[in-house]
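My notebook is open, and I am going through this chain one stop at a time.

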Amino acid sequence: MIKWKSIAGAGTLAALLSSTAAVADVSPREVWDNWLNRMTDFGYEVSATETDEGDTLAIRDIVMTVEMPEEDSTIRAALGSLLLKDQGDGTVSIDLPATMPIDIMTEVEGEKTDMQVTLSYTGPSVVASGSPEALNYVYSFANVTAELTRLLIDGAPSEDVDLTMSLDELKGTSEIEEGEMTKMVQKMTASALTYELSAQEPESGSFKMEADVKGINFEGSGTVPAMESTDDPAALLNDGFAFEGTFTQGPATMRIEGADNEGPFSADLASATSNLGVEFGINGFDYSGQARDVTAMVLGGGVPLPINAEMSEVSYRIKMPLLKGEGQQDVAMELTLGGLTVSEMLWGMIDPSGVLPRDPATLSFDLAGKVTLFADLVDEATAEMDAPGELNSLNLKSMLLEIAGARLSGDGAFTFDNTDMSSFDGIPRPEGALNLKLKGANALIDNLVTMGLLPDDQAMAGRMMMGMFSVPVGEDDLESVIEINAEGHVLANGQRIQ
């Protein structure tokens, strides 16, 4: 089970180690005691030696350890030394060590992994201000780099994996306010993020990934309740554990290359802009993202020719409850793959005569609904249940599929009777209607016949099927209303078909 407060504690640690704010009055001892108390509350064991050196409090040999029995893992961070200096204006500067090793030890199914990730900094500036109950940090770094410096598998060193991640011009602010709830607000920017990951496996091949992201921005806030137990996520959420944040970034590129049993392969991916949003708390989980002007080129890996594709938009969203409630709760799912185009070389394999229109393809839908949960989804025991809840209603706000000159759109809404599981063979009986509009279907069928991809008899069967379930409203426009009534009857345009 996830130790939620330990994760929150790691966020607080990051705020301290990578974060002057409003003029206030705070001492080095108050900064250290506040930080130490918070890390202890979050489940960390901290050992260190403290020395007063005039206006500076020296904290040396800092070691933080947290056990995660459920994951059979231990995280140990040797922070080295921190020098907290009173600057005489009510603020405290924090001098960081040049490097900071973090050890992560896990054991899964008897296999022990011991890895070390080393953080290193250039041009660090960290200043704390405020009060012991409301600490503020302003931080900046010319560069922060994380590198995998040790990897042992069952005690044997492995040199088959390399990982380096680097942030340039990292700047931000962090505010941590204590009380009945610990409140955190953070803002961060970085001019660039780069990372490299490579791995080699004698039996399966090699893999290398490189990425470059520009213009990173993050804003987020969270609350953590004061609780002694960290092993009950439902209780934490009910007591106010919450987080919300947004990430945005500018141009990004990624290259993946390697080799496997089918030979060498490579992929180049890029996007102009992208964003990501997440909310997590008592009201549930809401995760969404979007990327603009996405391009991809894939070569090798069993593919005989390069595949080039572009999309003007890729967006998604999923919203769901996490805790059982008194009644129905909201769910939502959205997806858009917009403006998809592929290279003429690929079109040439499918349609060398140019019969099909080369219009960009789009797939999108927007679903919303209501569910009732019988158990908390954050409880591990829920995974053993056949059905932790039931679907009450579903609203298709919009649907769109555009491809090869044809266009299918629709909307509709259904409610579900969970007391009737027999009318539709084990699923709750729906009641409602689905409205569909189809344009250009006959032209697409004609083109597929011309290309030899669709036999005449199958084309005829397809046209007959469309005639049964739709009505013509234009030259090549069809409409259909599919209904399911209270008796469980299925009707197409008023005619019962089941």
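Before I look at any packing, I note that contact means heavy atoms within 4.5 Å. Helices (H or I, at least four residues) and strands (E, at least two) are DSSP runs, numbered from the N terminus.

**Ground rules**

I am working with a predicted model, in which local features need pLDDT of at least 70 and side-chain atom pairs count only at pLDDT 80 or more, while totals for chains, interfaces and linings use all residues. Residues are numbered from 1 along each chain as its sequence is written, and side-chain values use heavy atoms, with hydrogens and water left out.

**Entry 1: the whole chain**

I looked up the overall make-up and found six helices and 27 strands. The C-alpha trace spans about 90 × 55 × 50 Å along its principal axes. Of the 498 residues, 37% count as buried; buried means under 20% relative accessible area, exposed over 50% and partly exposed in between, using a 1.4 Å probe and protein chains only.

**Entry 2: helix H5 and its surroundings**

Which residues of H5 are buried? I noted Ala 441, Leu 444, Ile 445 and Asn 447. Seen down the axis of H5, these buried residues fall within an arc of 160°, so they line one face of the helix. The arc is that of the directions from the helix axis to the C-beta atoms.

What do the buried residues of H5 pack against? I found strand E22 (406-417), strand E23 (429-439) and H6 there.

Next I checked how H5 sits against H6. The axes of H5 (residues 441-450) and H6 (residues 456-469) come within 10 Å and cross at roughly 170°. Here axes are lines fitted to C-alpha atoms, for helices over the stretch in contact, and angles run from 0 to 180 degrees between N-to-C directions.

On the H5 side of the contact I listed Ala 441, Asn 442, Ile 445, Asp 446 and Val 449, which meet Asp 456, Ala 459, Arg 463 and Met 466 in H6. The residues of this contact divide into five nonpolar, one polar and three charged. For that sorting, Ala, Val, Leu, Ile, Met, Phe, Trp, Tyr, Cys and Pro count as nonpolar, Asp, Glu, Lys and Arg as charged, and the others, Gly among them, as polar.

Just after H5, I noticed that Gly 452 takes a positive phi of about 80°.

**Entry 3: positive phi without glycine**

Most residues other than glycine have a negative phi, so I went looking for exceptions. Asp 293 has a positive phi of about 50° although it is not a glycine. Asp 293 is in strand E17 (residues 284-300) and is partly exposed at 48% relative accessibility.

Asp 425 likewise has a positive phi of about 50°. Where is Asp 425 found? My note puts Asp 425 in the loop between E22 and E23, exposed with a relative accessible area of 72%.

**Entry 4: the aromatic rings**

How many aromatic pairs does the structure hold? I count eight. In one of them, Phe 280 and Phe 285 are edge-to-face, 6.4 Å centre to centre with 80° between the planes. Rings of Phe, Tyr and Trp (its six-membered ring) pair if their centres lie within 6.5 Å; planes under 30 degrees apart count as stacked, over 60 as edge-to-face and the rest as tilted.

Phe 280 is buried at 17% relative accessible area, whereas Phe 285 is partly exposed at 22%. Phe 241, Phe 280, Phe 285, Tyr 287 and Tyr 316 form one aromatic cluster.

**Entry 5: polar side chains in strands**

Is Ser 266 buried or exposed? Ser 266 is buried, with a relative accessible area of 11%, and lies in strand E15 (residues 263-271). Leaving aside neighbours within four places in sequence, Ser 266 is in contact with Arg 255, Ile 256, Glu 257, Met 297, Val 298 and Leu 299.

Asn 275 is in strand E16 (residues 273-281) and is partly exposed at 34%. Not counting residues up to four places away in sequence, Asn 275 touches Phe 247, Thr 248, Ser 288, Gly 289 and Gln 290.
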